[in-house]
Amino acid sequence: CHGTGTCHSERRVFCVPGATSITYRRSTPQFSAVTWLTGMKLAELQDKSILILGLGREGCATLEFLRAWFPEKLIGLADKATFDQLGVTAQEAIRADAHVRLYLGSDYLASLRQHDVIIKSPGIAPTLPVIQKATDAGKLITSQTAVFFANCPATIVGVTGTKGKST
């Protein structure tokens, strides 16, 4: 991170070396209980209600990861697709898991109000008004990557760019 950078719609990202979260704010740097992309330790998720927002590859992988740590925990799953429109992997994961609550179809974003932590897939725009309302209401918005960064005991190296990452 190179200090302060400008993001879409006049939002700014502030990075603190060594921090486990990125604060996503509308104006000047401020620190409060409301953060964007909060890197949460797995122990912190134990007593929180969790929603996985987006059931593509990353959402399904997130469910598989969380289920290994929390086998009996009720986890919310939300996607704009109906069950029949979901990919085969998502359908199979849902059928095999008795501890999920589904929020599918056009009203899927209403589920954000019912959960403490939202693990958002990258395909869902962070600029959606309902995501901003959830953040303003104190919901913790995070990602699979942020959870990984907060829990990985090893050094993490990131490779960026448009070519060559898959090789």
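Buried here means under 20% relative accessible area, while exposed means over 50% and partly exposed lies in between (1.4 Å probe, protein chains only). The strand covers residues 75–79 and is mostly covered, with five of its five residues buried. Helices (H or I, at least four residues) and strands (E, at least two) are DSSP runs, numbered from the N terminus.

A word on the model before we walk on. It is a predicted one, in which local features need pLDDT of at least 70, side-chain atom pairs count only at pLDDT 80 or more, and totals for chains, interfaces and linings use all residues. Residues are numbered from 1 along each chain as its sequence is written, and side-chain values use heavy atoms, with hydrogens and water left out.

Let us look at the partners of β6. Strand β5 (residues 50–53) pairs with β6 in the parallel sense over four bridges, and Ile50 stands opposite Ile75. Two strands count as paired if DSSP finds at least two bridges between them. Strand β7 (residues 100–104) also runs parallel to β6, joined to it by five bridges, and here Ile75 stands opposite Val100.

β5, helix α2 (residues 57–69) and β6 make a right-handed β-α-β unit. A crossover is called right-handed if, with the strands pointing away from the viewer, the path from the first strand over the helix to the second runs clockwise. β6, helix α3 (residues 88–96) and β7 make a right-handed unit too.

Now go back to β5 and step to β8. Four bridges join these two parallel strands, with Leu51 opposite Ile118. In β8, Val117 and Ile119 point one way and Ile118 and Lys120 the other way, and all are buried. Strand β8 in turn runs parallel to β9 (residues 140–142) over three bridges, and Ile118 has Ile141 as its bridge partner there. From β8 the chain crosses through helix α4 (residues 129–136) to β9, and this β-α-β crossover is right-handed.

What about the loop between β7 and β8 (117–120)? Ser111 is found in that loop. Is Ser111 buried or exposed? Ser111 has a relative accessible area of 1%, so it is buried. Leaving aside neighbours within four places in sequence, Ser111 is in contact (heavy atoms within 4.5 Å) with Leu51, Ala78 and Tyr103.

Phe148, found in helix α5 (residues 144–151), is partly exposed because its relative accessible area is 45%. Phe148, Phe149 and Ile156 form a nonpolar patch on the surface, with about 290 Å² of accessible area together. Patches are made of residues with over 30% relative accessible area and no salt bridge, joining like charges within 9 Å and nonpolar side chains (Val, Leu, Ile, Met, Phe, Trp, Tyr) within 5 Å. A salt bridge is a side-chain nitrogen of Lys or Arg within 4 Å of a carboxyl oxygen of Asp or Glu. Accessible areas come from the Shrake-Rupley method with a 1.4 Å probe, and for residues only the protein chains shown count as cover.

Finally, the whole chain. The protein chain has five helices and nine strands, in the order β-β-β-β-α-β-α-β-α-β-β-α-β-α. Of its 167 residues, 40% are buried.
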